[in-house]
Structures are given as structure tokens and as C-alpha cells.
Amino acid sequence: MKRTSIIFMGVFLLLGVASCGNAKQDVRENAVLENKQNTETETVQSETEQEETEQTQSVTENGGAEDWKAAYIAYLESLKDSEDAEELERYTYSLIYVNEDEIPELVIDSGFEAGGCRILTYQDGEVDVLQTRRLNFGYLEKENLLCNSDGNMGHYYDDVYSINDGKWVYIAGGEWGDGEDGMQFDEEGELIYVYRWEGQEVEESAYDAKLKEVFDWEQAKRPEHYYILTEMLSLLETGKNTSADHRYELVVEDVTWTEAQARCKEKGGYLATVTCMEELETIQNQIVAEEKTKVNFWVGAKYMAGEELYGYSWMEYGEDDFVYDMTSHFNVFADLWLEGEPSYEGLTEAGETVEENYVDLFYRSSEGRCFLNDVPEDMLSAAPSYAGKIGYICEYR
């Protein structure tokens, strides 16, 4: 098969992913909003009045300097009335630039294939929503093209969209997969797929050529950073992440995770919870500035298993006060973990298998950045050579 592999972003999900049917695409209105023209004034104005008028016109032309933020917040708030609030907390969010204006599109990733993504665009006081059939999509930044390419169980598709006058518009697309008789194989045992572009059956090479004419995947981007709901709301409301004004204390001390948690609580803080890449970079810069790049620091995450949680979760003040879990927000934390981690168990320096239910953060000089890693609760007992190289990070609001 020559088709590009469909990307599955289950970086460290433990639960089996059940096969889901494709969700039907929403029918979208293609009506174009009438353009409102500003009435020209013939009144002679002072320089100050003229400047104020120009500023007002600029804001109007851009849909309101901050109006898009308020509109996205209002949309997210409206979802609380139609969906389970817990579901919204499990979704992840990103801002991308699809068309050429300076207002980003808001991505709402449901985290499960059948739920797909909702991608919001804004213009002139209105939000328009594109519902993808499944999760995977790419876009050509500021070239006004987005492609939802995905599928499963012998049925795959490529849907290309653009934004026209503030509305998502379907441009072109095709489908490929098993024929009417189900899976078929050639003499070499390779699957035979049927390709259709805009409903017309074509050869694979023709399908690829037609797709590339409208969307070049080699030039496509995907969202660089995803955020949990509280972080996205903070970015929209204040322009900053929630921890932007927090303070951190880096302590070097050979303690267990539980002891480190108690130390931070006694100091009036809590073991650091890393809610976004920006916060990781803040902590990372402090580690470098204080020349503590050889220390493995405890952070406020541990393995949790129960009816509502399964996997590693961040917490602030106590084991029942978790902030969010990393499993359902996997695309937020995929880049924070060391490659191949979490592994959930490892070997002590004596060669014995040990559970790794707690999380530390360390700086890797070869890559110039910090990573998360799962380790035993008593790191020193498992690895005596780490004496003097263990610490913890207290976070203060």
C-alpha cells in the first residue's frame, strides 16, 4: 500500500481503543454574510478625532480587536449547557492560523476518533464550526487550506476545506478503501483499494495527484501545542498561562516523593504541576540558571488507578486533589515525557524489577531541555548512585 499511514496519537494510552464508526459530517450553511460598508463622513475632523475614527475602523474591519477571544470563550461556555462538563475537561485545545488574517482558529480535540475535532473560525462577530469526521487533520498555515484525512476499518477519506467570508467551505475530496465486496488481495497478498475522487472512480496515482493539486501534505502543519481547558481559557482571557505569575523553589535533598510533597506543603506550596509547555520552559530556564541540571526533581504527579482515573495524574495539595490526568490529555503531554516513558516499571541498580508510580523531571544536556520520567517512590533505595542528585520543585501561587 502506497498511501500515507494514518497517524494515531495514543502516545501512552493504556486502555484498548475500540473501533468506532465514522461520524457523519455536519451540514454547513454556505450563505455569505453581507458586507457592511462604513458610511464615509464629509465632516472635517480634528487630528485627534481622525485618529480615533481610524482606530475604530481598524477594530471593525478585524471583527473587534479582542472580540474573537470573547466569542471563543462564549462558545466554550455554551458547551457546558449541551455537554457533560467532565467531557469538556477531557478535551484538549489549540490555536492555529488557517487563513491569512490575524485571528487564529480554535481547535477542540475530543480525544476519541468518533468524536473528531471541532475547529472554530471567527469573523464579524460570528463563529463558524467545522466538525471533522475523525481526529487527524493538517493545514497550510495562512494559505487558507485544511485537510481532514483519516478513516478506519477499510474506509478512508481526504476532505479539504477553506474559509470564505468567515464560513468553512468544502473544496474537494475523495474516499478510498475496500470495494463493495469487502477486502480483496492481489497476487502478492497486498490489499486492493478502490479510489474515488468527488464520487468518480480513479486510479491511485490519479487520486494522489488530484489531492496534491488542492492540498500538499508535504507542506502541511499540525497544532504544535495543545492545552487543557483551564489553560486555554486563561490564554483567551488574559493572554497568559495560569502559572505565569507563580514562583518556584528548586530544593536539592535526598527525599522520597511523599517526603517532598510534605516539605512543599509545610512551606505553603505544593509539588510543581506542569500544566503546559510554557510552564515547563519557565522551570527549565530556572534549573539552568541555578546550575542544577544534574538533579532529578520530584514533581507533583503520580500513578492513579480508580473508577475515574487511570494513569498518571497531576495534583496540588493532596492525593484526592488532582488537577488533571495525563492519559486523557495525551496530546498535551506527549512531548513532555522522555521517549519510551512512562514505562510503569523498571530495574533497580541491583537488577530487581520495581514499580515506577511517581514522576520526576530532569534536564538532559544532550537535548537542552527537560523531560518527565516515571520512577520508584524511593528513588535512592532503587538507585543508590543518585545520592546527592535528588531534589524537588515547590510551586507557589
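A residue is termed buried when its relative accessible area is under 20%, exposed when over 50%, and partly exposed in between, with a 1.4 Å probe and protein chains only. The model is predicted, so local features need pLDDT of at least 70 and side-chain atom pairs count only at pLDDT 80 or more, whereas totals for chains, interfaces and linings use all residues. Residues are numbered from 1 along each chain as its sequence is written, and side-chain values use heavy atoms, with hydrogens and water left out.

The protein chain holds 9 helices and 20 strands; these elements are DSSP runs (helices H or I, at least four residues; strands E, at least two), numbered from the N terminus. Of the 397 residues in the protein chain, 46% are buried. Contact denotes heavy atoms within 4.5 Å. Among contacts in the protein chain between residues at least 6 apart in sequence, 60% join residues at least 24 apart.

Helix H5 (residues 229–238) has 7 of its 10 residues buried and is therefore largely enclosed by the rest of the structure. The buried positions in H5 are Leu 229, Glu 231, Met 232, Leu 233, Ser 234, Leu 235 and Leu 236. Their cover includes H2, helix H3 (85–90), strand S1 (92–96) and strand S2 (105–109). Just after H5, Gly 239 adopts a positive phi of about 80 degrees.

Two packed helices are described by the angle between their axes and the distance between the axes. Helix H2 (residues 67–82) packs on H5 at an angle of about 150 degrees, and the two axes are 9 Å apart. Axes are lines fitted to C-alpha atoms, for helices over the stretch in contact, and angles run from 0 to 180 degrees between N-to-C directions. The crossing of H2 and H5 is left-handed, a term applied if the near helix is turned anticlockwise from the far one by less than a right angle, clockwise being right-handed. On the H2 side, Trp 68, Lys 69, Tyr 72, Ile 73 and Leu 76 meet Leu 229, Leu 233, Leu 236 and Glu 237 of H5. By class, this contact of H2 with H5 comprises 7 nonpolar, no polar and 2 charged residues (Ala, Val, Leu, Ile, Met, Phe, Trp, Tyr, Cys and Pro count as nonpolar, Asp, Glu, Lys and Arg as charged, and the others, Gly among them, as polar).

Strand S2, part of the cover of H5, has 5 of its 5 residues buried and is thus largely enclosed by the rest of the structure. Glu 105, Val 107 and Asp 109 point one way from S2, while Leu 106 and Ile 108 point the other way. S1 and S2 run antiparallel and are joined by 5 bridges, pairing of two strands requiring that DSSP find at least two bridges between them. Within this pair, Ser 94 stands opposite Val 107 in S2. S2 is also joined to strand S3 (residues 117–123) by 4 bridges, again antiparallel, and Leu 106 has Leu 120 in S3 as its bridge partner.

Strand S8 (residues 167–177) pairs with strand S9 (residues 194–197) over 4 bridges in the antiparallel sense, and Tyr 195 in S9 is the bridge partner of Trp 176.

In strand S18 (residues 358–364), 6 of the 7 residues are buried, so S18 is largely enclosed by the rest of the structure. Strand S13 (residues 296–305) is joined to S18 by 3 bridges in an antiparallel arrangement, in which Phe 297 stands opposite Leu 361. S18 and strand S19 (residues 369–375) run antiparallel, joined by 7 bridges, with Phe 371 in S19 as the bridge partner of Phe 362. The hairpin of S18 and S19 has 4 residues between the strands, and Gly 368 takes a positive phi near 65 degrees.
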